[in-house]
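Subject: Structure handover

Hello,

Here is the structure I promised to pass on. Please open it before you read the rest.

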Amino acid sequence: MRFKDQLENYLFVLPAIILFAVFSIYPFLKVFQLSVYEWDGISSMMRFVGLANFWDIFRHNGVWWTSVWNAIYITLLALTFQNILALLLALACDKGIRGGHVYRVIFYLPPVLSGIVVGLIWSWIYDGNYGLLNHWLKAIGLDSLTRSWLSDPKTALTSVAVIHMWKGFGWGFVILLAGLQNIPRELYEAARVDGASGWQVFKEVTVPMMIPVFILVAILTVLGTMQIFDIIISTTGGGPGYHTEVPVTRILSTMTGTSQFGYACAEGIMFGILLLLVSLFQMRIGKTFRQAP
Amino acid sequence: MTHRKKPWILGVCLAVALAGCAQKQNASQLTIWHWMSDREDVFQELANRYHASTGVSVRFQLFAPSDAYSQKVKAAAQTSTLPDIFGILGEKRDFASFILSGHVANLAAEVDAGEGSWRKVLFEKPLLMNEFMAGNSYGVGVGTYGIPIDVMNIQFVYNKELFRQAGLDPGKPPATWKEFLSASAKLKEKGIQGLVSGWGEIWMIECLASNFASNIMGEEKVLATLRGKVPYTDSDWIRVLKFFQEMREQGVLADGVVTMINKRAEQLFANGQAAFAMNGSWCVNVYHGMNPNLDYGVMLPPRVSNAYPQVIWGGAGSSLMVNEKSSRKKQAIDFLQWLTAKDQQVYLAAQTRNLPSNREALVDLHPILAEFANGMDRAVHPSLLPLAEFPLVTEAFTKGIQSILIGEKTPEEVAEEVQALKERELQKQSARNKQS
């Protein structure tokens, strides 16, 4: 190919490369650079501190690790309850229940709503005085269970997790349903001809065929849930105390609340590494499952 | 079109497209960035009036919410693209950082010109919040770096109708802590919730705690604490924390107050679902919008001690700064002077139901707003102090109060945790000072 032709080809991809470099690569590298500085986000002076920010997070920042644990707790709930619910609903729709198309739309509505709006609606449901949840509990004689759900340290984190799962199960539902509909129907028919029960069909046909989809949904759930943020901001703001703090709210409050941009970048890198490790672990597990006879 | 010409045409198109991204500048137009979405129309009207009287056009640009605005201003400071006039949100250390980076003009000469005629009409403390004194801990040169366009203070408001229902005298709200607890108990007996406030926004907890602290130990001891000379485990600080414990134990607080955002707290008070609210003077406009018939009054936060004068949190509501690097600095200062003159301030106060920054504009105020105005002389603000607490310590202190309010920690436990963090921050500061 002539040099001029090559140049022309490169020129065509140049805008995309420029945009990618400016808006993706540069900020990514900048975060690494800032993480080793002490900087307030305004001043033209930055002080090099080496790995001190990382060391401080490891050694002294108990609140950070609390926030990580809180995110892991919500993630574990989402991985189990949210995805099991999504799978059950996807199985029901895959069986061709009456009004299946309507259910698909209904189940997919929560994910497309704004997290802030969802948070505000659920704040009203959870309200200690005039909330719907307490109203229903009183109506069925469970007055002793009523409380201010988002302000009680015993229930705040789980309450936030429930909101997140309600908002998120629709994603899993859509992906799982697509996966189920891709399983060749002949496999089910063959299993039934061989006398397999419903449970055996599910265990021996559906589950093995769905493993790649399960892995995808699990990875998306982990990545999406660990980065939970908008629902927390609109419901508890991380409180009471630090009971609903998650890494993203900590990063934000470090950056804007206490103006420690360098430290916030270090927290961001730590969090990114954590997510990377979890994703690699999940992919490894998925590979093992796929290779299993 | 030949095949060979294509790359050159593409390159020209790209250059034109990128050039189009550049912001169009009007050499004779003043640009002002702000975050006050509720005042957009009022600002626009003022801009029209200014243009009509001086021929100078002013463009107000709104960037909301305030978090997004704050980020925009910081980013603009990095790229030296700040407008002629802008506001700085955040703590005084952020303000200082903008000044030290050469982004904010010192207006001391203008404020003090003509025997201080501009200074004299402005409320003293809100202006002081924009000033830096000799020997300040931020290293900023002495000067006036911003002009308040409105002022605020935070007090208690009470619902007169709920007072009547509980057999309390609406003309005599509780003045002392004991009276406050007693009134709350009577309200509780009638099934009426007591105090509501946006304590999910932790700075509002800090407001009340600082009121208590100043009332109990005075400014000198508070300053000594900031310097690290008095520990947070001191009995006076424990006493401050114990007031919150007492509020919890006596059932004074509305349900869920500990994670409540202030907007929700305002709704509860406006709808008569709580008897007291701790809120800023901006609430007059908010309550008017939510419930124009609300019958309420203003009271000082309950006095907890007679040892020192009672103070309230207050100062500048919104301040505007002039860009030091602006080519229209003189016009920008002239506009700020015009904006804070009596006529414009009266208009702003009437339209937005906020307290004006010009003392002479305190005419025909909404009666509740006038009550808030009476409190301005008692107003204090952390920005008025010569040094500030470490942000992490402030966060730990207010989050600790949340823990007390939910019964998770005792005042003593919180005080110890805060003090431990304070000592660590002092050590870090000491190490930094040695290095530099």
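This is a predicted model: local features need pLDDT of at least 70, side-chain atom pairs count only at pLDDT 80 or more; totals for chains, interfaces and linings use all residues.

Chain A, its make-up
Chain A has twelve helices and two strands. Chain A is more spread out than a compact globule, because its radius of gyration is 24 Å, well over the 19 Å that the globule rule gives for 293 residues. Its C-alpha atoms fill a box of roughly 75 × 75 × 35 Å along the principal axes.

Chain A, inside
How much of chain A is buried? The share is 34% of its 293 residues. Now the contacts. Take those in chain A with a separation of 6 or more. Of these, 70% join residues 24 or more positions apart.

Chain B, one residue
Now find Leu362(B). It sits in the loop between β11 (355-356) and α15 (367-374) of chain B.

Next, its partners. Set aside the neighbours within four places in sequence, and Leu362(B) is in contact with Pro356(B) and Ala373(B). Look at Val346(B) too. Val346(B) and Leu362(B) are 16 residues apart in sequence. In space, their C-alpha atoms are 7.3 Å apart.

Best wishes

Methods. Residues are numbered from 1 along each chain as its sequence is written. Chains are lettered from A and ligands numbered from 1 in the order in which they are written. Helices (H or I, at least four residues) and strands (E, at least two) are DSSP runs, numbered from the N terminus. The radius of gyration is taken over C-alpha atoms; the globule rule is 2.2 Å times the number of residues to the power 0.38. A residue is buried if 20 or more other C-beta atoms lie within 10 Å of its own, exposed if 12 or fewer, and partly exposed in between; C-beta atoms are placed from the backbone. Two residues are in contact if their C-beta atoms, placed from the backbone, lie within 7 Å.
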